[in-house]
Amino acid sequence: MTRMTHDFGDTMQKDAVPVVSADVIFASLRFPNYKIGVNNQIMETKDDPKVLSMKEVVARETAQLLDQQKRMSVRDLASKFEKGLAAAAKLSEEARLREAASLEKHVLLKKLRDALQSLKGRVAGRNKDDVAEAIAMVEALAVQLTQREGELIQEKSEVKKLTNFLKQASEDAKKLVNEERAFARFEIENARAAVQRVEEALQEHERMSQASGKQDLEQLMKEVQEARRIKMLHQPSKVMDMEHELRALRAQLAEKSRLYLRLQKELARTKKGEENAPHLYELEGTETLGSYLQIQPCSDNGPELSKCSIQWYRVSSEGAKKELISGATKSVYAPEPFDVGRVLQVDIISEGQQITLSTTGPIDPAAGLGTYVEALVRKHDTEFNVVVTQTVSDHPNESIHVLHVGKMRMKLCKGNTTIAKEYYSSSMQLCGVRGGGNAAAQAVFWQPKQGLSFVLAFESERERNAAIMLARRFAFDCNIILAGPDHKAPLET
């Protein structure tokens, strides 16, 4: 019987098992699990079959890509190929690590076999048989490891092929994405051009529709006016009733206006402390464009107006500027558009005594006149029916004429005969008639050129003031100030 001491066991372990080099790198922190199968074959314990290897995952993803390639968009396809390429790179890296781990296993097995061979020569009996069996197991493990290396090499080649395929597929997908992007941009540009052409066509159609609509509107207005005229001819009683009602309303309005003005004047005199002062004259009339103002005596002690010298003035609302109205020397004066916003003042001189009367406030504009003139400005030529009441030529008076107020000139016609036609110039004059009784609010003085002048009576005060404002508007566009005799109109008029 062989006797082994404790010291001999320690010496044998130190001599039989050489120290493993410290520079050996293992792929994992634990040694692989092995078991002995039938006929003493060493078998590696398999992992959970539910966990797929990286190769199977990549293969399955590739199959899904190929299956869904026709149904996916170009962007999604490129994204999938890039993911597959990343997975292939990861698989290649894993194969490289496995190869390194296999090499480390070979080194370890060789050292283990050398240690067992050294130990076999030093032991005897059953221990020697155990060492021989261990050497056989190590050699079998080395054979399996070699086979596994062959599989790894084959797997590595397949992974390389798959990587190349995915790289090529990714490049093709990127190329396809670029082509589709270029095609989409081209289609977008074509669509923008088509939209722009449609917008231009719509704008042109809208312009044509507006032009035709304007013409249709003018024609429709003429037809409506003609229909109203015909209807009025067939309903004279109703028209007469409406005229009577209008006259009654106008009379009531005039009466109320006179009462209002009288009260205002009395209030102004009260404020000035002139209640006890004698009042010889006062201004009667509505202080509005389209009416007329008349000097009326208030006492029998005053001199007759026919023996007095009369002069009308325009005074700014602040009272800073007083402007003489040339030719306004009658007891009646009809305000014209220049007087709107200004105070009218009249001086009555008799036997060295001067009496001054003025309106209670600035002259008010006529209601709706500005809108009416703006509508007429859009026309190239506007016609007004007038009566020539006075002229310096041999033309007969009291006859119906048509006054044309255009953008470049004014023309007076009777039928097809042109009586006067002149372009706007510095020698042309136009203003309201300064005097002339109750009809002054409907009459104008027009001098087309020097040596030729007319006094024209319009159908209404509104037509008279509209003609003056329209002509002055067109003349101002031609850099001409159209005013009355000896009068300089401000540029802002």
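A crossing of two helices is left-handed if the near helix is turned anticlockwise from the far one by less than a right angle, and right-handed if clockwise.

First, the ground rules. This is a predicted model, where local features need pLDDT of at least 70, side-chain atom pairs count only at pLDDT 80 or more, and totals for chains, interfaces and linings use all residues. Residues are numbered from 1 along each chain as its sequence is written, and side-chain values use heavy atoms, with hydrogens and water left out.

Now the overview. The protein chain has seven helices and 16 strands. Helices (H or I, at least four residues) and strands (E, at least two) are DSSP runs, numbered from the N terminus. The chain has 493 residues, and 30% of them count as buried. Buried means under 20% relative accessible area, exposed over 50%, and partly exposed in between, with a 1.4 Å probe and protein chains only. Next, contacts, meaning heavy atoms within 4.5 Å. Take those between residues at least 6 apart in sequence: 56% join residues at least 24 apart.

On to helix α7. It covers residues 461–477, which is 17 residues. From first C-alpha to last it reaches 25 Å, close to the 24 Å expected at 1.5 Å a residue. That expected span is 1.5 Å times one less than the number of residues. The buried residues of α7 include I468, L470 and F474.

R472 is also found in α7. Is R472 buried or exposed? R472 counts as buried, because its relative accessibility is 10%. Leaving aside residues up to four places away in sequence, R472 touches E336, P337, F338, L430, C431, L482 and A483.

Helix α7 has a partner, α6. Two packed helices are described by the angle between their axes and the distance between the axes. Helix α6 spans residues 369–377; its axis and that of α7 come within 10 Å and cross at roughly 50°. Axes here are lines fitted to C-alpha atoms, for helices over the stretch in contact, and angles run from 0 to 180 degrees between N-to-C directions. Therefore α6 and α7 are oblique to each other. For the cut-offs: under 35 degrees is roughly parallel, over 145 roughly antiparallel, 65 to 115 roughly perpendicular, and the rest oblique. And here is the opening definition at work: the crossing of α6 and α7 is right-handed. Which residues meet? From α6, they are L369, Y372, V373, E374, L376 and V377. From α7, they are R462, E463, N465, A466, M469, L470, R473 and F474.

Next, the sheets. Strands of a sheet pair through backbone hydrogen bonds, either parallel or antiparallel. Two strands count as paired if DSSP finds at least two bridges between them.

How many bridges join β3 and β4? Four, with β4 at residues 293–297. Two bridges join β4 to β7. Look at Q294 in β4: Q294 is the bridge partner of E284. On the β7 side, the partner of Q294 is V332.

Another open sheet has four strands, ordered β6-β5-β8-β9, again antiparallel. At its edges are β6 (322–324) and β9 (353–358), each pairing on one side only. The twist averages 30° from one strand to the next. Strand β5, residues 309–315, pairs with β6 over three bridges. There, R314 stands opposite E323.

Now a single residue, H404. It lies in strand β11, residues 399–406. H404 counts as buried because its relative accessibility is 12%. Not counting residues up to four places away in sequence, H404 touches D381, T382, E383, R409, M410, K411 and C413.

Last, some backbone angles. Most residues other than glycine have a negative phi, and most peptide bonds are trans. E351 has a positive phi, near 55°. Where is E351? In the loop between β8 (343–350) and β9. E351 counts as exposed because its relative accessibility is 82%. N479 has a positive phi too, about 65°, although it is not a glycine. N479 lies in the segment after α7. At 72% relative accessibility, N479 counts as exposed.
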